[in-house]
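Me: Got a model I'd like to go through with you. Here it comes.

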Amino acid sequence: QPNMSDLIVSAPGKVILTGEHAVVYGKVPKMLDLRMRAQIESSDDQDGVELEMNDVGCTKRWKSVDLEPLIASGIGSSDRPCAPSDEQTAALKIACQLPIDEDVREIEDLAAIVFLYLFGSICCDKQAKYFPPLRVRISSDFPFAAGLGSSAAFSVCLAAGFLTRTRSIVFLAEEDRMGYDQEHLELINDWAFQGEK
């Protein structure tokens, strides 16, 4: 079992060769994974929650008290992957100091909303109703918004990292195999898919 105070997770980018819209119809597109990867490093923090996005030169910080409205909106109350409600989306925008009635367009703002939603949904202590202190650093080998799967890789990294931190899934490090079992891969995929929405 990895040390949960310091955890690194990475996921590859992708390029779709054909069938870009095939997934809309339940089909599998032909694609290749790239040797370029997105990576998150997470570690315990003493002072709230921090998201450091080196590639876009931005760091976001929240005190635990600033995140209480997210808990009040119901983030962290579901044990299964689901899209945020309108109330939760509004609470996420408020936490990120964004206008509620406008679409979010900046990469760092979108990343912060996805981060808070997945972090709150997966890591929020449902009994004590608080966000555990955490610091996450994001880095990537490939450019954002270039059609190479950076948002998918980011969401997969967050989902896998948060699920592993909470011990909801286990990373297998055996002699003949390293990775997650199929059931855990599906859970990562389901949460990452919600982050992509």
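Me: Which residue just after α2 takes a positive phi?

Reply: Q97, at about 55 degrees. This is a predicted model: local features need pLDDT of at least 70, side-chain atom pairs count only at pLDDT 80 or more, and totals for chains, interfaces and linings use all residues. Residues are numbered from 1 along each chain as its sequence is written, and side-chain values use heavy atoms, with hydrogens and water left out.

Me: Which residues of α2 are buried?

Reply: In α2, residues 86-95, they are Q88, A90, A91, L92, K93 and A95. Buried means under 20% relative accessible area, with a 1.4 Å probe and protein chains only.

Me: And what covers them?

Reply: The cover includes β4 (58-62), α1 (68-72) and α3 (107-123). Helices are DSSP runs of H or I, at least four residues, and strands are runs of E, at least two, numbered from the N terminus.

Me: Zooming out, how many helices and strands are in the chain?

Reply: 5 helices and 7 strands. Along the sequence the pattern reads β-β-β-β-α-α-α-β-α-β-β-α. Of the 197 residues, 42% are buried.

Me: Which residues touch the most other members of the largest nonpolar core?

Reply: W62, L70, F115, L116, V136, L158 and F162, out of 49 residues. α3 gives the most to this core, with 11 residues. Such a core is a set of buried Ala, Val, Leu, Ile, Met, Phe, Trp, Tyr and Cys residues joined through side-chain atoms within 4.5 Å.

Me: What does F115 touch?

Reply: Leaving out residues up to four places away in sequence, F115 touches V49, E50, L51, W62, V136, F154, L158 and F162. A contact is heavy atoms within 4.5 Å.

Me: At what angle do α3 and α4 pack?

Reply: About 25 degrees, with the axes 10 Å apart; α4 is residues 150-165. So α3 is roughly parallel to α4, a label for angles under 35 degrees. Axes are lines fitted to C-alpha atoms over the stretch in contact, and angles run from 0 to 180 degrees between N-to-C directions.

Me: Who makes that contact?

Reply: From α3, A111, V114, F115, L118, F119, I122 and C123; from α4, F154, S155, L158, A159, F162 and L163.

Me: Switching to A38. Buried or exposed?

Reply: A38 is buried, with a relative accessible area of 5%. A38 lies in strand β2, residues 30-43.

Me: How far apart are the C-alpha atoms of A38 and C157?

Reply: 7.4 Å, although A38 and C157 are 119 residues apart along the chain. C157 is also one of the residues A38 touches, as are F154 and A153.

Note on methods. Buried < 20%, exposed > 50% of the residue type's maximum accessible area, 1.4 Å probe, protein only. Parallel < 35°, antiparallel > 145°, perpendicular 65-115°, else oblique.
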